[in-house]
Amino acid sequence: MKKFLFSLLIIIPQLISAQGNRAVRSLFDKKSIGEIRISLPAKNWVDALDSMRIYGMGMMNGSATVDGIRYEGVGVRFRGDKSYQLGLKRNPFTIRLNQTNPDQNHQGYSSIKLSSALRDPSLVREVLFYEIAGKYMPASLASYTKLYVNDEYTGIFINVESIDKAFVQKHYGSSGNSFFKAGVDYKPEVPATCKQNIFGSLEYEDNLDCYKGNFELNSASGWAELQELTRVLGSEPSKIDRILDVDRTLWMLALNNVMVNLSSYTGNHSTNYYLYRDNSGRFQPIHWDLNLAFGSYKNTGSGSDLELKGLQTLDPLLHADNPYKPLISQLLKEPLYKKIYLSHIRQIIEDNFSNGAYEKRAQELQGMIVVPFNDDRNKLYSLDDFQRSLKETIGRKSKIPGIVELMSKRVRYLKDHPELTILPPAITELNVQGRGKFENQRLTDFRITAKADRFPQKMIIYYRFSDQEPYMSMLMSEETEGKLPSGTKAFGATIEGKGMDSVLSYYIIAENAGSVAFSPQNYYATPNSVKLSDLNK
């Protein structure tokens, strides 16, 4: 007995210590399912939240426990546009942790956005799209969580990182600049002279008040800056790179097209994206609301909804000649931008779809959530629909395509498309010149050279000295050196350093008559980097 008590005295403190040191789950952990418990004062909370959603902008005060950590004085409301449905418990939620306490947050996040995954029987569309998009441009984190309201299990939801001040601060180093969401939940009265039904298409309007019917302002000011963006886009597209991050915009458009995300700028209503003006004065596009990606929403804005074959064969140059979609048509008029856009499409396909990585990832996600999905009494699809949804069309009326059913044929179509079969140059022998072994004079500039084959016409270097700066560009000069193989050229550029401790980040584009190539290919995540001090060793 004494031995038993002695053992307990040893074990109990160890258990207490283990619990106290238990790792706190990251809010967007991909390998586990979170748990959020909301307590609301209204017994019939669905009716109460419906009323707020329909008639006002208020929030119901309550408490929330996020992965075991309780917060008082939070605000709760239903959110969403097409994803909101009257009378449902399984609606998308906004949980504002700082509703009554401005400093209250969970791991730095003051707002939690829960998606109900409406019209997505697979429950993987949003998570999969955000994961792929995040390889090429800033994108929300997304994971799964179980939701309880007043101790009732409401279902498995997708927890999507809010596009808010914390998001833009993290990705762009500021949060107080002009900030817009395309699409409005509550359309205000606007002058009768405003263009009708243009949504977030970024068409120019003379009257600033007209923009208020199509965009939500998430900053103290900015309407004049948004108007200037639309003016330059429509009237001076050659200057658009001064006010818009063109490359990230082309990534957004390419991602939407490849993954048939028509509930976006690419589709009928030109909504579900954000614009944030960074410290360099350029607007940054950001994806949002992706539950209808992979062909769940089917209207391009021209004609009726597309059937499965039309989704599989969606033109990569959709809207290239559409004056009512200037973000596409005006950018793709510029030959270099068009080539970059098509190059992005090729890279998205090769990185994620030709190798089957998307299907494997979708199966992993479904395997993780199948049990809580089946336990959900409010689910809108059966377990059988959920399990078949990757490879088969679900719903006689809605006809939501299986993700693999859609993308397997779409990838083949895109890879055979004439605009995407043109061979790009191949960049080789990229080199940064260092100080010679017996040279006494220290280098003060960066001298970069490279070669490209397949008849390159020009090579451009994009460079910066800080992650907070926009990339500057320089046309590299053609070098004359010894005899090169037919179709191969050498190029060089000299970039002035900013002191002996300068660190240069850069990437290169080589362009031929029909296409472009990047070096490094994954320049968004890992551009080339070189220290001037290293070159002088």
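Reader: So a salt bridge here is a side-chain nitrogen of Lys or Arg within 4 Å of a carboxyl oxygen of Asp or Glu. How many salt bridges does the count come to by this rule?

Author: The count comes to 31 salt bridges. This is a predicted model, so local features need pLDDT of at least 70 and side-chain atom pairs count only at pLDDT 80 or more, while totals for chains, interfaces and linings use all residues. Residues are numbered from 1 along each chain as its sequence is written, and side-chain values use heavy atoms, with hydrogens and water left out.

Reader: Is Glu-161 buried or exposed?

Author: Glu-161 is buried, because its relative accessibility is 2% (buried is under 20% relative accessible area, exposed over 50% and partly exposed in between, with a 1.4 Å probe and protein chains only). Lys-170, in contrast, has a relative accessible area of 46%, so Lys-170 is partly exposed.

Reader: And Glu-72, what does its side chain meet in a salt bridge?

Author: That would be Arg-70, at 2.6 Å from N to O. Glu-72 has 45% relative accessibility and therefore counts as partly exposed.

Reader: Where do Asp-384 and Arg-388 lie?

Author: Both lie in helix α12, residues 383–388, and they are four residues apart, about one turn of the helix. (Helices, H or I with at least four residues, and strands, E with at least two, are DSSP runs numbered from the N terminus.) The two side chains form a salt bridge of 2.9 Å, N to O. Asp-384 is partly exposed at 43% relative accessibility, and Arg-388 is partly exposed too, with 26%.

Reader: Which residues are linked with Glu-131 in a network of salt bridges?

Author: Lys-30, Arg-361 and Glu-364 are linked with Glu-131 in that network.

Reader: New topic, helices. At what angle do α3 and α11 pack?

Author: Helix α3 (residues 125–133) packs on helix α11 (residues 357–374) at about 135°, and the axes are 10 Å apart. (Axes are lines fitted to C-alpha atoms, for helices over the stretch in contact, and angles run from 0 to 180 degrees between N-to-C directions.) α3 and α11 are therefore oblique to each other; roughly parallel is under 35 degrees, roughly antiparallel over 145, roughly perpendicular 65 to 115, and the rest oblique.

Reader: Which residues make the contact between α3 and α11?

Author: From α3 there are Val-127, Leu-128 and Glu-131, and from α11 Tyr-358, Arg-361, Ala-362 and Leu-365 (contact means heavy atoms within 4.5 Å). Glu-131 and Arg-361 also belong to the salt-bridge network above.

Reader: How many residues of α3 are buried?

Author: Eight of its nine residues, which leaves α3 mostly covered. Val-127 and Leu-128 are among the buried ones, as are Phe-129 and Tyr-130.

Reader: What about α7 and α9, how do their axes cross?

Author: The axes of α7 (residues 246–258) and α9 (residues 326–333) come within 11 Å and cross at roughly 120°. This pair is therefore oblique as well. In the contact, Val-246, Thr-249, Leu-250, Met-252 and Leu-253 of α7 meet Leu-327, Ile-328, Leu-331 and Leu-332 of α9.

Reader: On to the loops. Where is Ser-83 found?

Author: Ser-83 is in the loop between β3 (69–78) and β4 (93–96). Its relative accessible area is 7%, so Ser-83 is buried. Not counting residues up to four places away in sequence, Ser-83 touches Asn-91, Pro-92, Ser-116, Leu-118 and Asn-291. Ser-83 and Asn-291 are 208 residues apart in sequence, with 8.3 Å between their C-alpha atoms.

Reader: And Leu-443, buried or exposed?

Author: Leu-443 is buried, because its relative accessible area is 17%. The loop between β12 (427–432) and β13 (445–452) holds Leu-443. Its contacts, leaving aside neighbours within four places in sequence, include Gln-433, Met-500 and Leu-532.

Reader: Last one: what is the phi of Asp-67?

Author: Asp-67 has a positive phi of about 50°, although it is not a glycine. Asp-67 sits in the loop between β2 (60–66) and β3, and counts as partly exposed because its relative accessibility is 22%. Asp-289, also not a glycine, has a positive phi near 60°; Asp-289 is buried, as its relative accessibility is 11%.
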